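Please keep the sequence and the structure in view while reading.

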Amino acid sequence: MTASTDSSEYAPASDTTRLAEIQAMLEARLVRIPDDVASLVELSRTRFHRGHFRAASAPLLRAAGHLPHDAPQIVALVQRLIAQGEIAVARRCLQLLAQAPQPPADMLATQAHLQFMLGDHDWALRTMAAAVDAGVDGPGDLFMHAILLQFSGQADATHAVLERCLARWPGFGDALTVLVNLRKQRPETQRLDWIAARLCELPLAGTPEQRFVRAEFEYARFKTLDDLDRRDEAWAALESCNALMRALNPYDAAAEERVTTALIGMPVSPSGPVHACSPGPLPIFIVGMPRSGTTLLDRILSSHSQVASAGEIIDFWRQLHWVADVPPARNAGLLEIVRRSARIDYRELGERYLAQTRWRAQGKAWYVDKLPANIQLVGFIRRALPQAPILHLVRDPMDVCFSNYKALFGNISAYSYGLDSVAHYHSQYARLARHWRTALPGTVLDVPYADLVQRTEDTVSKVLQHCGLTLENACLHPEHNAAPVATPSSAQVREAIHRRGLGQWQRYARELEPLRRALAEQENGAG
């Protein structure tokens with residue numbers, strides 16, 4: 001359940017002696033030139049790769065106090081600040097950079113990408129629009145512009161930019177996958193022949209990059225055929241896509257089990273008195289399986305006059321690694337944090353998280369932190385932020401597993417590309433959910449997806465009561481929520497609440513029979 005937060009950047013360096021020599025050289029240089037930003041950034045990077053995560057922040061904070069009149073150096077600094085979880089300082093540096101007069105188009109585009117990394121999508125869209133007006137014209141930048149337009153609900157403008165991308169770069173798989181997801185594909189608008197022609201041009205056994213693009217085109221074929229209700233052909237395309245993605249991203253079931261077992265074995269009750277959070281806006285955490293309805297609940301909550309949406313942010317995960325002084329390193333990093341959990345300063349963890357995220361509240365009393373993978377971190381969240389409500393979306397196992405299996409998450413979420421692996425991943429998620437209910441009774445409110453869409457007013461009232469809020473009519477009409485929504489299902493969640501997500505798997509009941517059996521076996525084993 002850490003797939004969405006993995007990063008190859010955090011691979012441990014092997015040449016520890018060489019890194020120590022580089023660090024000594026940089027520290028000697030900084031004695032002579034104390035405010036050399038390039039050296040400070042490189043010192044931070046070196047400390048990071050030596051495993052000194054906390055110590056890697058100090059040079060960056062020092063550099064931020066002596067910003068040069070050099071845009072590329074500021075960009076390098078901001079990139080490292082974000083990686084270190086120093087979000088508030090990174091944002092201030094970007095605000096200063098944005099004041100530069102008449103920046104070139106490529107620098108505007110770079111700023112937009114960094115603003116996107118911060119999760120400030122309105123700001124990023126304004127900056128990227130300025131970059132496009134100034135002449136930026138590369139595929140990556142135009143694609144980012146399309147994504148930001150999509151997040152803001154501008155479907156027609158998104159469609160136009162993506163069509164422009166595909167006209168110029170017919171092999172641009174990223175653009176195609178977003179385009180087919182933007183709207184339901186219809187007989188008069190589908191491009192199956194065009195997709196088939198592109199697939200004929202792509203090698204079956206090319207480089208990893210070529211195989212990934214082929215998977216994207218197979219996915220686009222699946223989505224189109226599924227929309228046209230040509231189910232047998234659609235399933236074959238989905239299987240072709242996921243076979244390619246499985247080969248590129250093997251699922252490590254044993255590692256997932258080790259993490260779940262470690263989290264279940266970790267003490268979760270504080271040894272001393274529970275501390276109070278400092279005054280100010282507080283987060284509401286939404287956790288669960290991906291594709292379980294977490295975005296819908298986020299939209300409902302952030303329609304309330306006292307609640308803003310922070311989106312799908314990884315800030316708690318970042319700050320947990322920082323406070324534990326464990327560089328992020330996939331499942332191994334979380335295992336090390338569990339080993340150090342008794343020594344973590346949970347008050348510091350909570351205060352650091354709040355310091356880096358409270359700007360997202362936009363002046364409101366609450367802000368929603370919607371990251372499904374935080375289901376793993378419930379024990380840490382409870383101790384660090386005891387006043388923060390935690391909501392757990394619970395969706396029918398067959399529906400949620402099928403929804404994951406038919407999504408293309410890219411080179412993350414390796415579990416989602418096999419029926420056996422998605423069933424196994426769900427079993428680990430279910431183990432954790434049961435554990436938190438037992439170990440922390442009353443901490444997490446289960447929110448059944450079926451109730452949310454069928455008995456909306458009663459369910460939303462219970463959710464708001466759990467958060468200390470009263471029902472407002474706007475919460476029952478999240479389709480009127482104009483805030484950006486950063487999710488592949490952004491078009492769907494801008495609709496009125498509907499029930500189409502219930503029982504979706506039954507359209508492919510025959511093909512999904514192995515999944516049904518696997519989930520039934522796991523449920524019987526858990527019982």
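A nonpolar core is here a set of buried Ala, Val, Leu, Ile, Met, Phe, Trp, Tyr and Cys residues joined through side-chain atoms within 4.5 Å. The model to which this term is applied is a predicted one.

## Nonpolar cores

The largest nonpolar core holds 134 residues, and the members that touch the most other members are Leu301, Phe316 and Phe380. Apart from it lies another core, of 24 residues, which includes Val37, Leu40, Ala63 and Ile74. In soluble globular proteins, nonpolar side chains tend to be buried together.

Which residues does Phe316 touch, not counting those up to four places away in sequence? The list consists of Phe285, Leu349, Tyr353, Leu377, Phe380, Ile381, Ala384 and Leu385. Phe380, one of these partners, is itself named with Phe316 among the members of the largest core that touch the most others.

Is Gln319 buried or exposed? Gln319 counts as buried because its relative accessible area is 0%, the cut-off for that class being under 20%. The side chain of Gln319 reaches the backbone oxygen of Gly85 at 2.8 Å, and a polar contact of 2.4 Å joins this side chain to that of Arg352. Residues up to four places away in sequence being left out, Gln319 touches Gly85, Leu349, Arg352, Tyr353 and Gln356.

An α-helix has 3.6 residues a turn, so residues three or four places apart point the same way.

With a relative accessibility of 49%, Arg330 counts as partly exposed. A positive phi, near 65°, is likewise found at Arg291, again a residue other than glycine. Arg291 has its place in the loop between β1 (282-288) and α15, and at 27% relative accessibility it counts as partly exposed.

## The second largest pocket

How much space lies in the second largest pocket? The volume is about 470 Å³. Of the 28 residues that line this pocket, Gly119, Ser309, Ala310, Gln362 and Pro484 are the closest to its centre. At least two lining residues each come from α7 (121-133), α15 (294-301) and β2 (307-311), and β2 supplies the largest share, with five residues. Sorted by class, the lining of the second largest pocket has nine nonpolar, nine polar and ten charged residues.

## Buried residues in other helices

| Residue | Relative accessibility | Class |
|---|---|---|
| Gln428 | 4% | buried |
| Val453 | 5% | buried |
| His145 | 12% | buried |

Gln428 has its place in helix α21, which covers residues 419-439. A polar contact of 3.1 Å joins the side chain of Gln428 to that of Ser427. Along the chain Gln428 and Ala253 are 175 residues apart, while their C-alpha atoms are separated by 9.4 Å.

Val453 lies in helix α22, residues 449-454. Leaving aside neighbours within four places in sequence, Val453 is in contact with Leu296, Ile497, His498, Arg499 and Leu502. The C-alpha atoms of Val453 and Asp396 are separated by 13 Å, the two residues being 57 places apart along the chain.

His145 belongs to helix α8, which runs over residues 139-151. Which residues does His145 touch, not counting those up to four places away in sequence? The partners of His145 are Leu125, Met128, Ala129, Val132 and Val161.

Notes: Residues are numbered from 1 along each chain as its sequence is written. This is a predicted model: local features need pLDDT of at least 70, side-chain atom pairs count only at pLDDT 80 or more; totals for chains, interfaces and linings use all residues. Side-chain values use heavy atoms; hydrogens and water are left out. Helices (H or I, at least four residues) and strands (E, at least two) are DSSP runs, numbered from the N terminus. Buried means under 20% relative accessible area, exposed over 50%, partly exposed in between (1.4 Å probe, protein chains only). A polar contact is a pair of N or O atoms within 3.5 Å; within protein, one must be able to donate a hydrogen and the other to accept it, and residues adjacent in sequence count only if both atoms are side-chain atoms. Contact means heavy atoms within 4.5 Å. On a 1 Å grid over the protein atoms alone, a cavity is a set of points where a 1.4 Å probe fits but cannot get out, and a pocket is an open set with protein on both sides within 12 Å along at least five of seven lines; lining residues have an atom within 4 Å of a point. Grid points are joined across faces, edges and corners, and a volume is the space filled by probe spheres set on the points. Ala, Val, Leu, Ile, Met, Phe, Trp, Tyr, Cys and Pro count as nonpolar, Asp, Glu, Lys and Arg as charged, and the others, Gly among them, as polar.
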